[in-house]
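Please keep the sequence and the structure in view while reading the points below.

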Amino acid sequence: MLNLRRISHETKTRDMSTAIDTLLNDSALDAGLHQIAQAVQQEKRLTVEQGIYLYEHAPLGYLGVLANFIREKKHGDKTYFNRNFHLEPTNVCLYTCTFCSYSRRIKKREDGWELSLEEMMEIIKKYDEEPVTEVHIVGGVLPQYDLEFYSQLFSQIRAHRPDLHVKALTPVEYHYIFKKAKVSYEEGMRLMKEAGLQSMPGGGAEIFHPEIRDQIAGGKCTGEQWLRIHEIWHELGMRSNATMLYGHIEEFKHRVDHMEQLRQLQDKTGGFQTFIPLKFRNQNNEMSHLPEVSAVEDLRNYAIARIYMDNFEHIKAYWPMIGRTTAQLSLAFGVDDIDGTIDDTTKIYSMAGSEEQNPALSTEELVQLIKAVGRHPIERGTLYNVVQDYQDFDFSQQPKKVKKGFVGLPVIDKTKA
Ligand code: V47
Ligand code: SF4
């Protein structure tokens, strides 16, 4: 039997070069696609027009060859994950994003949850015995969650557990709380860093182009404001992620414009770690009439992101959003990171109809998921430091740990939505 684990990185890279050569030698290959394959082979950056051309004309197999070539050149088979959990302070929100299945409008706030500082610290403390390395904090926007509240939350978490990385909030919250506190973005981000914020997740980006953003983003910060807050954060020497919500009313040109703006900011600061395309899920929201894109389109999108975003080190597939099988497939289409164990602590995607209604994977399950498709599992910290290489790890030698049970979020009655 072919043992994928024994194929060396050099052999695989040679195989991928051969695969590109085969494409280039195919006389039936369209001239535009031929030119793009050549550019990828020579590590040349694609233009906006070439990005759109890929979306419009490139078949899945072709995209897979190019994206996997880049992925394996950068990372070989290495596939990253982390041990994390989410903390969602509230699902009530002032804004009215049309894709959001999660938020309860301010008028129906009795249907949602609003956690106090003490309740949030209780959740944090329930993980004291768990080997998690990151808490990802994100939720709705409400006046009581202000600059003072989040400063206290971050500093209390850091004081309680210094080894837990605080990855929290997005420019959507920061824009709101800084405006309310009458501080500039620069001053606000400096205060957040001082309070203990360590990195920013990629949310709230959606689609930057105003033609689309004005229709879907419910009055929250603009694309320029989102980018500016990340830029200031990077200038403080800190890291963040970026997302793109695709597969709703946007056109291919809007996706490429979005990626182009991120690529330009990355040229300037180098502060982004990973790009995370997020597939629009259509249940329980105001865009439920729109069909979801297919798994083939998801894979094409990952691959084009890998090819286009040449200055992003990592492309992440968020498994609770697309399910485990597509996450496995994505590893052959440019993805090298599948996020974390999650522990059933987020409701954003399950409420929007994703396959994973109670997203939680043990470390062993994540490792098996990655190994099953011939890749090399690495547990990382938030900043991509290696925590544990699991390629030859023997789980049977580990003492069996009795799980303490999930830290449940309040149950939402969807019939009231
Ligand atoms: O900004 C909301 C998306 C995002 C829906 O940085 C939806 O590591 C699809 O950004 N269908 C928040 N998507 C989550 C996020 C994230 C997730 C995982 C990892 C990281 C990271 C960041 O969720 C929102 C929005 O784009 N979202 N509703 C929906 N119906
Ligand atoms: Fe509020 Fe975020 Fe939902 Fe928009 S996506 S309504 S900002 S919780």
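Where is the place of Leu169? In this predicted model, Leu169 sits in the loop between β6 and α7.

**Leu169 and backbone angles**

- Leu169 is not a glycine, yet its phi is positive, about 60°.
- With a relative accessibility of 0%, Leu169 counts as buried.
- Glu206, also a residue other than glycine, has a positive phi near 50°.
- A further positive phi, near 55°, belongs to Lys182, which follows α7.
- As background, most residues other than glycine have a negative phi.

**The largest nonpolar core**

- The largest nonpolar core holds 123 residues, and Tyr62, Phe154 and Tyr174 touch the most other members.
- Both domain 1 (4-60) and domain 2 (78-416) give residues to this core, so it lies between them.
- Beyond its neighbours within four places in sequence, Phe154 is in contact with Ile137, Val166, Ala168, Leu169, Tyr174, Met192, Ala195, Gly196 and Leu197.

**Helix α7**

- Helix α7 (residues 171-181) is mostly covered, with eight of its eleven residues buried.
- Those buried residues are Pro171, Val172, Glu173, Tyr174, His175, Tyr176, Ile177 and Phe178.
- The elements that cover them include the helices α6 (147-160), α8 (185-195) and α10 (223-235), together with the strands β6 (165-168) and β7 (199-200).

**The shell around ligand 2**

- Which residues surround ligand 2? The shell consists of Cys93, Tyr95, Cys97, Phe99, Cys100, Ser103, Gly140 and Lys220.
- By residue class, this shell divides into five nonpolar, two polar and one charged.
- In an unreviewed UniProt entry, the annotation "binding site" covers Cys93, Cys97 and Cys100.
- Cys93 belongs to strand β3 (residues 92-93) and is buried, at 10% relative accessible area.
- Cys100 lies in the loop between β3 and β4 (104-105).
- Is Cys100 buried or partly exposed? Its relative accessibility is 24%, and Cys100 therefore counts as partly exposed.
- Leaving out residues up to four places away in sequence, Cys100 touches Asn284 and Asn285.

- Phe99 is placed in the loop between β3 and β4 and is buried, at 13% relative accessibility.
- Apart from neighbours within four places in sequence, Phe99 is in contact with Glu206, Ile216, Lys220, Leu245, Phe280, Asn285 and Met287.
- Glu206 is part of the loop between β7 and α9 (210-216) and is buried, with a relative accessible area of 7%.
- Not counting residues up to four places away in sequence, Glu206 touches Phe99, Arg213, Ile216, Lys220, Thr243, Met244, Leu245 and His258.
- Lys220, one of the residues around ligand 2, is among the contacts of Phe99 and among those of Glu206.

- Arg105 is found in strand β4 and is partly exposed, at 33% relative accessibility.
- Arg105 and Val92 are 13 residues apart in sequence, and their C-alpha atoms are 5.8 Å apart in space.
- With residues up to four places away set aside, Arg105 touches Val92, Cys93, Tyr95, Thr96 and Glu286; among these, Cys93 and Tyr95 belong to the shell around ligand 2.
- Asn241 has its place in strand β8 (residues 239-246) and is buried, with a relative accessible area of 5%.
- What does Asn241 touch, not counting residues up to four places away in sequence? Asn241 touches Lys167, Met200, Pro201, Gly202, Trp226, His230, Phe272, Gln273, Thr274, Ile276 and Lys316.

Definitions and conventions:
Residues numbered from 1 in each chain as written. Chains lettered and ligands numbered in written order. Predicted model: local features only at pLDDT ≥ 70, side-chain atom pairs only at ≥ 80, totals over all residues. Heavy atoms only, no water. Near = heavy atom within 4 Å. Nonpolar A, V, L, I, M, F, W, Y, C, P; charged D, E, K, R; others polar. UniProt positions renumbered as here; feature names shortened; annotations may be inferred. Helix = DSSP H or I, 4+ residues; strand = E, 2+ residues; numbered from the N terminus. Buried < 20%, exposed > 50% of the residue type's maximum accessible area, 1.4 Å probe, protein only. Contact = heavy atoms within 4.5 Å. Core = buried A, V, L, I, M, F, W, Y, C linked by side-chain atoms within 4.5 Å. Domains from an automatic or database assignment.
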